[in-house]
Every structure is written in C-alpha cells, then in structure tokens.
Amino acid sequence: MADRYLHFTGTAAGRFLTRRTGLPAPAALRRWSAETPALDGPLLHLTAGDSAWPGQLAPVLEATGLKVTDSAERPAGIVLDATGVITAAGLAAVHAALHPVVRSLAGNGRVVVLGTTPSPDDHHQAAAQQALEGFVRSLGKEIGRGSTAQLVRLAPGATPASAGSTLRFLLSPRSAYVSGQVVELTADAPGEDTDEAAPLSGRTALVTGAARGIGEAVASVLARDGAQVICLDVPRMRDELARTADRLGASALPLDITAPDAAERIAAAAPGGLDVLVHNAGITRDRRLVNMAADRWAAVIDVNLESVLRTTDALLESGAVNRGGRIVATASIAGIAGNAGQTNYAAGKAGIIGMVRSLAPRAASAHGVTVNAVAPGFIETRMTAAVPLFIREAGRRMNSLSQGGLPVDVAETVAWFARPGSGAVNGQVVRVCGQSLLGA
Ligand code: NAD
C-alpha cells in the first residue's frame, strides 16, 4: 500500500507543513539500483585514539570502492575506528572525532562505528565498548535525513578483514532501512566475494514463501546477485509461484513446508546441494491469548518455528547444505518486543532468535555453514496493508526513519548474509526496521 504521507511530505506544501507543525518528516530513502549502486560521495575514515589494528582497516575500506579520505566537506559515509577505546576517558575521542563532522554528512549518509566485543575479564574495556552501543543507537535516532548509524564489533581473534562484506553492505544504499544495529563478527574465516557484480554466481538458493511479499523480493535479489533460485510455496499458491519463478528464471517447488517429507523434497530439488537456505514462509493467526484456540497457536508455531527447526536439522544432517552454506531465518521485531494479540507469533519468532544464536557456532564448526536471522519491522506488504489505519500509521512512523520499509530492504539484508564473503557474520539477528521504537 502506498505511503501517501511520505509522498506528501516530499512536496513543497508538505515540507512547509511538517516544519510548522513538527510532524514527522520522512526523507525519501535512496535504495540500490543499477544506476545508483553506491553511496554518492567520499568515505571519511576517522580514528578515536589509537586503533587496535593500525593500518589494517584502510585496505578494507578501499575495497568498498568508495573514495576513502581523512577529511571531506560532505562525506556520504563515515567510519570511526573505535577499536582502541578501552577506558571511559577514551570515549572523549569518539565525541572529538564525530562532533565536528556529523553535521556535514550528506543525506542518506552512513555512519559505522567499529569496536570490539566487551570483555568479560576487563570491566573498563567492557564499559567503554558497551558505551559505543548506546552512542550509536542514539545517533541513529537523531541523525535524520535518511541517514543511518551502526556498530560493528570484532570478536576476539577477528580482524578488520572479517568486516569486508559487512562494511560493503552497511556503507551502501542496500542497507537503507537498517539502522541502530549492532553486528558482531566472529573470528571464523570470512570467505571471499570474488565477483562483486554477481556474488552468488554458481550458488543454489532456496527461499520458502517465495510466491509473494518479502519472499518474492528475497528470491528476486538473490537471482539479481547471480544465484540459481528455487522458489517454494504452498501448493495452493501454485499459479503465483510459477509466475514469480518464471520472471526470475528460477524453478518452482510447490510444497507445504510443514509436510513431514519437506526436507527430503527440498534436497531432491537441489541435487548439487543448497548453498543458501532462506526460511521466510510465515503466517499470523492473531487473537489475544484468552480467545486463542489451540489450533491457531499450533498452526503458527508449526509454520514459523517447528518446520524451520525440522528442515534445518534434516538438511544439515543429510549434508544437503554445502560447506560454505548460508542459512537465513526470518524473525520479527514482534519476537523481540512482543505484541498484543500475537502471543503465538511472537513466541515463534523469538524461538527463531533462540535457534539462530544456539545453532550458529555448531553449524559453523560441524558443517562450515552460517546461521543468521533478519528481524523485519513494519514492511509494506499485504500483511501490513491489512492492519487497521491508525495502528498502520503508528507502525510506519514510530521509527527513526519515520516510514515503513519495503520487501527489498529485507531482501538486501538476506543477500548480505548469503554472500560467500560473509563467513564471519554468524549467529546475528539484524533488525530491518528503520530503528523501530518497538523493542529498541
Ligand atoms: P506474506 O503472507 O505476504 O507471504 C508469506 C508467504 O509464505 C506466502 O506466499 C505464503 O503462501 C507462504 N507460506 C505460508 N505458509 C507456508 C507453508 N506452510 N509452506 C510454504 N509456504 C508458506 O508475508 P510477508 O509479509 O511477505 O512475510 C514474510 C516473512 O516475514 C514471514 O515470516 C513474516 O512473519 C515475516 N515478517 C513480515 C513483516 C511485515 O511487516 N510484512 C514483519 C516482520 C516479519
């Protein structure tokens, strides 16, 4: 459903009204397109105090393709290396670095702060590094004009080279609706993106719930990035599924993901194994708990959580997910914040978060596979178009970007997890919610 308010506030009359009344003034977000694939301006590289990895970050930033500089009048992106901030007093260097330049950041700009994992053995280091999280989340809320702010943490043993694919995503128009996020990179081998134009070339990806909505967008972006895609959806969506698959040069697999033989049928559809498995299929059966019959509870838990656990286990154990594979599940901010009328849905989505955090390290060591989740906020789909007007408007505006996201925003985040170069991104739950106030 079109966001008419967003359109109106982009007109002269709309700008006048929002200035006079203080109503939210959402900026038009610049998303990836073949014409605008990158940020429109230089990348300012700053350091707070002494870097933990002197000289090692510069080549990683150069690899983003942006012009990297240590001074720019109007940067499109700013990376602050705060890996050397290990005391509370050291935080002054964060203020000193960003205070003079944040006003000059171009609209739709990006701020990425690079830190390290708070230490369990050094509470001063932990305080200073945890402080960066509060800092970035606040900056995301005040920066405005379609700009975003994130914190990327390097776990012990990880080096700036692990951050390549993550920085390329966060410092690009692909991450337009991701803000206020903390991404922690592991010390695992990051892997390599050899073909920037088609990073998934030669890879087979399966997307569940791909006939429409977010799943269709995920299938489309993975195909754009070179993957051979298998689109799965329930048999009753056969026609819509076939249309989507045809459009993308993908194959269609009409299958209910809750079927007992779902994993075997998926494996049979990908004889060369799967490189990317995206659990996107999901349903809602909303009622307050007092009015919720057991079948509504069971249906949601089965589709949104149990089938994800079942198929993931079976496909990993049978070796149907290739080494270097990527599993991406779909949570929701409802699974983080909770939502009245959605005890079943929020339980299922929170369960996804539990699964991702627990399985990720074991999947990496036993199978060489990463496991991550996207947690969408308010995304403009049929699901949210059906929400009553006032609740819909609240959902759209109650975030730092004052607008809903698009299915492609979730899809771009999935595509970042799916990259061969994202091997150090594991066990992460990244919200695609414009920094929604819900559960923040
Ligand atoms: P949608 O209803 O438009 O699409 C979901 C698709 O999943 C449909 O094509 C449906 O047929 C398919 N599906 C449902 N049950 C299935 C089953 N048993 N087997 C195979 N396919 C099945 O929903 P959407 O808005 O595109 O949401 C996609 C995912 O994102 C869901 O997991 C949803 O919970 C999650 N999500 C959406 C939003 C949002 O704002 N739209 C927010 C948070 C999370």
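The dialogue below goes through several features of this predicted model and asks what each description rests on.

Student: What makes the span of helix H7 close to the one expected?

Tutor: Helix H7 covers residues 213–224, which is 12 residues, and reaches 17 Å from its first C-alpha to its last. At 1.5 Å a residue the expected span is 16 Å, and the value of 17 Å is close to that.

Student: Which residues of H7 are buried, and what covers them?

Tutor: Ile214, Gly215, Ala217, Val218, Ala219, Val221 and Leu222 are buried, and their cover includes strand E7 (204–208), strand E8 (228–233), helix H8 (238–248), strand E10 (274–279) and helix H15 (407–418). After H7 comes glycine 226, with a positive phi near 105°.

Student: Why are helices H10 and H12 called roughly parallel?

Tutor: Helix H10 (residues 294–317) and helix H12 (residues 343–367) pack at an angle of about 5°, and their axes are 9 Å apart. Angles under 35 degrees count as roughly parallel, and H10 and H12 are therefore described in that way.

Student: Which residues make the contact, and how do they divide by kind?

Tutor: On the side of H10 the contact includes Trp297, Ile301, Leu305 and Leu309, and on the side of H12 it includes Tyr345, Ile352, Met355 and Leu359. The residues of this contact divide into 13 nonpolar, 7 polar and 2 charged.

Student: How many aromatic pairs are there, and what makes the pair of phenylalanine 169 and tryptophan 416 stacked?

Tutor: The count comes to 2 aromatic pairs. For phenylalanine 169 and tryptophan 416 the distance is 4.7 Å centre to centre, with 10° between the planes.

Student: Why is arginine 326 called buried?

Tutor: Arginine 326, which is found in strand E11 (residues 321–330), has a relative accessible area of 4%. Buried means under 20%, so arginine 326 is buried. Leaving aside neighbours within four places in sequence, arginine 326 is in contact with residues including Asp275, Thr370, Phe417 and Arg419.

Student: What makes asparagine 108 and serine 402 worth a look?

Tutor: Asparagine 108 has a phi near 55°, a positive value in a residue other than glycine, and serine 402 likewise has a positive phi near 55°. Asparagine 108 is found in the loop between helix H4 (92–98) and strand E4 (110–116), while serine 402 lies in the loop between helix H14 (389–397) and H15.

Student: Are these two residues buried or exposed, and how do you know?

Tutor: The relative accessible area is 12% for asparagine 108 and 13% for serine 402. Because buried means under 20%, asparagine 108 is buried, and serine 402 is buried as well.

Key
Residues are numbered from 1 along each chain as its sequence is written. This is a predicted model: local features need pLDDT of at least 70, side-chain atom pairs count only at pLDDT 80 or more; totals for chains, interfaces and linings use all residues. Side-chain values use heavy atoms; hydrogens and water are left out. Helices (H or I, at least four residues) and strands (E, at least two) are DSSP runs, numbered from the N terminus. The expected span of a helix is 1.5 Å times one less than its number of residues. Buried means under 20% relative accessible area, exposed over 50%, partly exposed in between (1.4 Å probe, protein chains only). Contact means heavy atoms within 4.5 Å. Axes are lines fitted to C-alpha atoms, for helices over the stretch in contact, and angles run from 0 to 180 degrees between N-to-C directions. Angles under 35 degrees count as roughly parallel, over 145 as roughly antiparallel, 65 to 115 as roughly perpendicular and the rest as oblique. Ala, Val, Leu, Ile, Met, Phe, Trp, Tyr, Cys and Pro count as nonpolar, Asp, Glu, Lys and Arg as charged, and the others, Gly among them, as polar. Rings of Phe, Tyr and Trp (its six-membered ring) pair if their centres lie within 6.5 Å; planes under 30 degrees apart count as stacked, over 60 as edge-to-face and the rest as tilted.
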